[in-house]
Amino acid sequence: MYRRDKDENQNGPNHGGQRDMVVREEQHQQIMAYTGEQVFAHTEEKPLDLRAYWSVIIRRKWLIAIVALLVLFGTFIMTSLETPIYRSSTTVEIGNESGNITSFDDIAMRNTGGQDYFWTQYELLKSRAVAGRVASDLGLVSVNQVSGNQQVSIFRQFTTWVKNLVAKIKEFFGADPVGRIDIVPLNPSSESSIQNHLLSNLLLETIRQSRVIRISYDSPDPNLAAKVVNAWADAFVNINLERRFDATAYAKEFLTERLKQVRANLEDSENKLVDHAKEMEVIDFEHKQEELLKKIADLNGKIGAIEARRITSESQYREMQASGDTGFSIFQDNSIIQGYKQRLGDLETEYQTNLKVYKPAYPKMVQLRKEIDEVKSKMAKEIDFIKSSIRTEYNTAVREESILKEQLDEQQAEILSLRNNSTTYMALKRDVETNRNLYDGLLQRMKEVGVTAGLTTNNLSVIDRGQVAMRPYTPVMQKNLLIALFIGLVLGIGMAFLFEHIDDTVKSPMELEKLTGLTILGIIPEIDMKLEGVKDIVELVRKDPRSAAAEAYRSCRTALSFSTTDGAPTVLHVTSAAMGEGKSSTILSLAVTYIHAGKRVLVIDADLRNPSVHKKTNLANEIGLSNFLVGKNSVNEVIQETDEKGLFVLTTGPLPPNPVELLSSERMEDFINKAAEKFDFVLIDSPPVLGLSDALVLASICDATLFVVDAGTTRKGAVDGSIKRLKSANANLIGSIFAKYGGNNKGYGYDYSYNYHYYGYGSDPAKKKGRKRLASAA
């Protein structure tokens, strides 16, 4: 067992700090190996945990709800105070612009349906000219008429009534309206003011992928809104018609002058064409040219056919010359020649056969020789006839081809000559046709203008006329309230996270370990005492060993057994930064777990300023530690035995005026050393660290110090200051206890995966369900 004596306390803070680091490392490894619990280490920041954000929202739910309700109420008031605005809409179609009467389909047809024309009409719709026409058509001579008959809301009427009442009261008591400023209003009847007011309430909207524009007008008077929007569409259409009528009148005058000029040009071009035809003595150049082209086409066809025949004849002729009489293919295919060859072969065979018997001069042999010579003669004549035919065919084809090419050259020369002579003629003829077409087009348009004068077409049309609105366009109470609800929730959540950021209390075990650098030896869940039916957590640990609180303190007891190299410290000093953080409950609950393990435990209430151990144990406090320290009573007289076997308590006794002097006395140190020899464990409850030195004195004479922090209550600055003070007093800080963690009213339970409620097996089902509800709410 590790204990410090006076010599060790004199080693200085550096030596103590090195020893503490070694001990903390060993106890950290031992706790991880034995208990298997999650021990939070300050090595790396945890990744984004959505459950932690959700816990902030749950914890600050009332703030969020109040902010959202305030925004909703404010929006309701503001919406009620607003003047209802009614909107009436009409739609106008802008079709493709009709063709200009001075343009011609066959000469200069221009694009009149492009986007440029559409956007031009869009800009004209919101021009001051249209606004002036609307004001004139509706007889609007002042801005008050344009504003319409406003339907004032109930709240606005009430506000006006209150203002009038206040004014009458001041007038009754003769109050002088000090500070009144005379405002010179603008001329409401000026034409520009009326136009500006109309344009300011006008809204134009293009319908996607169409040539339709929606015209809307907003006014407090729904009837006026419908009248203005319909008058606006009518004025726009009428202005377009008037503009087209003016253009028609101008075009008629323009066409009359243009016809005179075109007629003179046509007559001059026709005269030139007639004079040139007489000079060239040609009636119709185009007909003559067509005949020549037809002849050339016929000659080209004939030349192609005769050329193919000539090539075939020439090929046979060349083959005949190269192959001779025997190899020529035509001779081999000729049936007559083949018959002669067959006959000749038979005769020669017969002759050779008889030559073996008869001599050449034998009459029969002479007869055979004569027949052989006669067959050869006939075959030679037939071959000469075929050769002569092929030669004649070839020569004939060559002559015909030459003649046709000569005729083709003559026709081509003639057509070239005709074209050279007709160039001027064709130019004059095209000039005549152009002038005639131009004249005919102008004459036709002139007739159309004369017939349709004053009846011009219009490519603008009103599709749907504006109707009187039955309900206001704005404000929309439901829409505003929904938006306000969203904004209120966002603002409330933002304020919740702002307050959470401003709140510097220790909220999680990870924060505590990072702040103190101490190992967390126990995380004690917050218990609903009403649900459990107990007055405090000590009673619950004593009565229900299977409860979550009892399990948590048993886990802390196990961690303490590995907190030093010699096991659990015999003399354990428990303190906190401020009052009410659970020191006394922690000491008594640990004591109960020790006596359940068969140990003898002495609990010393050393808080000589605000004792509480005697209240939790229902013991008398007439005599106690203060009596012993001043020498009035002995040890056996001041130590009281409780109803729990093995648990002994030393209460404070009467509160002394000098607690620090008593706690730092040698009598106190001797008493602790003797108690450590008599009891298995001595647990000391001390006052808070901040503002007092009692805890520092006790920490210096005890084996180890355990620091208790109340989750969501203890501030980080208080914890940091307390740890620094304890370290300056050479306190052996072995770890910390995180008490009241994860309760329904705190919402910090999402970053700690170990849930002690799962160990409440075998307990009352009603309590078990209540614990589950608490865990789920956390």
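I take contact to mean heavy atoms within 4.5 Å. By that rule, and leaving aside neighbours within four places in sequence, I find L560 in contact with L521, G567, A568, P569, L572, L590, Y594 and I734.

**Basis.** The model I consulted is predicted: local features need pLDDT of at least 70, side-chain atom pairs count only at pLDDT 80 or more, and totals for chains, interfaces and linings use all residues. Residues are numbered from 1 along each chain as its sequence is written, and side-chain values use heavy atoms, with hydrogens and water left out.

**Cores.** I next looked up the nonpolar cores, each a set of buried Ala, Val, Leu, Ile, Met, Phe, Trp, Tyr and Cys residues joined through side-chain atoms within 4.5 Å. Buried means under 20% relative accessible area, exposed over 50%, and partly exposed in between (1.4 Å probe, protein chains only). The largest core has 39 residues, of which L521, I537, L560, L572, L590, V601 and V603 touch the most other members. I noted a second, separate core of 31 residues, which includes V134, V229, A235 and V237.

**Aromatic pairs.** Rings of Phe, Tyr and Trp (its six-membered ring) pair if their centres lie within 6.5 Å; planes under 30 degrees apart count as stacked, over 60 as edge-to-face and the rest as tilted. My search of the whole structure gave 7 such pairs. One of them, W119 with Y122, is edge-to-face, at 5.2 Å centre to centre and 75° between the planes. Both residues lie in helix α5 (residues 115-125), 3 residues apart, about one turn of the helix; I use helix for a DSSP run of H or I of at least four residues, and strand for a run of E of at least two, numbered from the N terminus. W119 counts as partly exposed, at 40% relative accessibility, whereas Y122 counts as buried, at 14%.

I then turned to F628 and F671, whose ring centres are 5.0 Å apart with planes at 50°, so the pair is tilted. F628 lies in helix α22 (residues 625-629) and F671 in helix α25 (residues 666-678), so the pair ties together parts 43 residues apart in sequence. F628 is buried at 7% relative accessibility, and F671 is buried at 4%.

**Charges over rings.** I count a charge as over a ring if NZ of Lys or CZ of Arg is within 6 Å of the ring centre and within 35 degrees of the ring normal. The charged end of R667 sits over the ring of F628, 4.1 Å from its centre. R87 lies over the face of Y473, 3.7 Å from the ring centre.
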